[in-house]
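Biologist: Please show me the model. I would like to go through its helix packing with you.

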Amino acid sequence: MASISLKAVYKAYGDHPPVIRGVDLEIGENEFCVFLGPSGCGKSTLLRMIAGLEDVTDGDLHIGGRIMNDVPAAERGVAMVFQSYALFPHMSVYENMAFGLKLAKKPKDEIDRRVKEAARVLQLEALLDRKPRALSGGQRQRVAIGRAIVREPGVFLFDEPLSNLDATLRGQTRIEIARLHKQFAKASVVYVTHDQIEAMTLADRIVLLHAGKDTERYGSIAQVGSPLELYHRPRSRFVAGFIGSPRMNFLPATVAGLNAQYAQITLAHTGETLDVAVVADTLTVGQVVTLGIRPEHLEVSIVAGTTSETSSKVSSQSIQRSVALIEQLGEHSYLHLDQPGGDVLIAKAPGDINVRTGERLTLNVPAASCHLFTEDGFALPHRASASTHPITQVA
């Protein structure tokens with residue numbers, strides 16, 4: 001087992017601006033850490049620096065307490081699984097899995113034991129004599145994982161290993177990787193993906209990376225935390241918009257009032273007022289802000305007639321919108337609602353909700369479920385013990 005430590009790590013190519021900027025990160029022993037972010041944010045570059053396939057331009061990289069900046073890849077005690085499988089087409093499954101051990105001059109009986117044990121765990125025992133061309137994509141990926149397992153490394157590195165698989169195989173292989181990590185819990189795992197579902201389901205901690213100008217302005221890391229921490233307590237609008245599918249709704253607003261428990265805001269274009277349970281010490285009345293609310297936190301009820309899809313009463317803590325589009329997905333539906341200013345507001349509702357396009361709905365907006373972002377994109381912290389009572393007096 002081995003921990004990984006990155007101290008003020010930068011990576012630049014020639015005279016170009018750094019693609020990795022100011023990374024300070026500690027990855028513990030036995031931890032499953034996922035690097036997540038949009039295309040071009042440097043996820044794979046950071047992984048390849050840990051592997052020794054890219055040089056560190058500046059800063060220090062430690063694995064297992066040993067500085068690794070100038071240590072060759074083969075001597076770092078890490079094993080890497082690539083997106084493209086990287087199997088030798090002329091070798092059998094057994095030979096592919098044994099290749100690294102033969103290069104390391106391991107005894108023949110030890111090689112045989114390790115390969116067969118990995119094949120058993122990965123359900124590849126019946127395929128050991130086959131060549132890669134006779135395997136499915138999922139089987140090839142399992143062989144690539146098996147080739148890493150037999151080395152018994154302290155660190156496993158996965159570079160988007162599921163991106164070449166179809167949706168069904170991705171789901172199956174994701175479960176396999178999670179199971180393998182539990183079985184080989186002594187090893188640390190660093191996993192790169194752009195798929196937030198993979199990140200949310202696999203990670204002990206997610207490292208969400210910026211891209212483009214945000215990297216230059218804020219550094220490479222947007223936020224580090226558990227999946228639920230990033231989901232429920234994003235530190236910036238970027239994090240809030242990247243984590244979650246569909247993404248968080250964002251509505252422009254201004255601060256209308258403040259007290260010890262809430263900020264009261266007025267939505268642009270409609271003039272509707274809502275309360276947000278955040279620590280508002282740094283806000284001022286009249287300040288421009290952005291309200292964030294996730295689709296599943298909007299409580300849907302029908303305006304026309306007396307029928308209501310929820311037991312929540314229509315109150316001052318609500319807004320009204322018309323249905324523009326209904327995505328029916330079986331268990332639930334996504335309602336796309338007209339939003340003044342040209343944007344679309346999305347609300348999650350039961351799959352059998354009885355609404356029609358053009359219908360007017362009331363959306364109850366719980367104060368404790370709202371997020372508030374300043375103009376520069378940073379989130380205001382939530383009140384730790386926020387109630388759902390609205391502001392009774394505005395300063």
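Biologist: Is the crossing of α2 and α4 left-handed or right-handed?

Modeller: This is a predicted model, where local features need pLDDT of at least 70, side-chain atom pairs count only at pLDDT 80 or more, and totals for chains, interfaces and linings use all residues. Residues are numbered from 1 along each chain as its sequence is written, and side-chain values use heavy atoms, without hydrogens and water. A crossing is left-handed if the near helix is turned anticlockwise from the far one by less than a right angle, and right-handed if clockwise. For α2 and α4, the crossing is right-handed.

Biologist: Which residues of α4 make the contact with α2?

Modeller: Contact means heavy atoms within 4.5 Å. From α2 come V93, N96 and M97. From α4 come V143, G146 and R147.

Biologist: At what angle do α2 and α3 pack?

Modeller: α2 covers residues 93–103 and α3 covers residues 108–121. Their axes, lines fitted to C-alpha atoms over the stretch in contact, are 10 Å apart. Angles run from 0 to 180 degrees between N-to-C directions. Here the angle is about 135°.

Biologist: How many charged residues are in the contact of α2 with α3?

Modeller: α2 gives Y94, M97, A98, L101 and K102, while α3 gives I111, D112, R114, V115, A118 and A119. Asp, Glu, Lys and Arg count as charged; Ala, Val, Leu, Ile, Met, Phe, Trp, Tyr, Cys and Pro count as nonpolar, and the others, Gly among them, as polar. The contact has eight nonpolar residues and no polar ones. The charged residues number three.

How values were computed. Helices (H or I, at least four residues) and strands (E, at least two) are DSSP runs, numbered from the N terminus.
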